[in-house]
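Open your viewer and keep the sequence panel beside it. We will go from stop to stop, selecting as we go.

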Amino acid sequence: MSKVLTCWIIDDEPLALSLLESYIQDTPGLLLTGKYNNPALAMQDLVNKKVDLIFLDIQMPHINGMELARLVPPDTKIVFITAFKEYALEGYRVNAFDYLLKPVSFDEFLVTCKKAQDWFEAVTKNVPMQKNVPETDAIFVKSDQQIIPIPFKDILYIEGLRDYIKIYTGNRSRPFITLESMKNMEKILPARLFIRVHRSFIVQKNKIEFLNRNRLMVANREIPIGRTYKQGVFNFIAAK
């Protein structure tokens, strides 16, 4: 049986709140557990309450949706719902699960919910049995006009190219290409798994096959070690 996803709606427009509430009530597998027209109240409840999926407006008084999204726990997924398409890129940069433009049709809503249910089901199935091994998370990127989940465990290394990055994985012949900065990617990826070794490269620690003074090897690719990052790399290797 599929997991029932708990949902919140945060929107200062009464009509939008009512519409999304009706959509959630008409969608199997969703359970509405919070409805807020004041984002400050939602922030207070986030301290003590857990929710799977938040449908979040962006332009609201006092605090906007982008600011609130940065405070949401990583295991809660955000779907931005707004009338302004220019926020789409920024939404993906805060790792939003999806982005829907108002007025949202029920068909569009169902597509997003199906993706969310598939993601949570996949995560549940892949939870490891060993204790203290929290290897179930993933990063979401926009690539080929889709929002794609990439499990951390599948990432070999990431290469930065100006405003774009390439994400190389072990189960795909070509990299995922997405509009993102290396600086932001370094913040998103967990330090327990990844290390930045060059201004243009982040690698998964346990994928490092070989290391010399200025280069390391990951998946048969030589990757340079930048001067700024060399000490951190050698400290990590020495601690292994």
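Select strand 13 (residues 208–211) and strand 14 (215–218). They pair in the antiparallel sense, over three bridges. Strands here are DSSP runs (E, at least two residues), numbered from the N terminus, and helices are runs of H or I with at least four residues. Two strands pair if DSSP finds at least two bridges between them.

This is a predicted model: local features need pLDDT of at least 70, side-chain atom pairs count only at pLDDT 80 or more, and totals for chains, interfaces and linings use all residues. Residues are numbered from 1 along each chain as its sequence is written, and side-chain values use heavy atoms, leaving out hydrogens and water.

Now click Ile208. Which residue of strand 14 stands opposite Ile208? It is Val218. Next, trace the link from strand 13 to strand 14: a hairpin joins them through three residues.

Move on to Ala219. It sits in the loop between strand 14 and strand 15 (221–224).

Asn220 is exposed, at 71%. The cut-offs: buried is under 20% relative accessible area, exposed is over 50%, and partly exposed lies in between (1.4 Å probe, protein chains only).

Last stop: Pro103, in the loop between strand 5 (98–101) and helix 5 (106–125). The peptide bond from Lys102 to Pro103 is cis, with omega near -5°. Most residues other than glycine have a negative phi, and most peptide bonds are trans.
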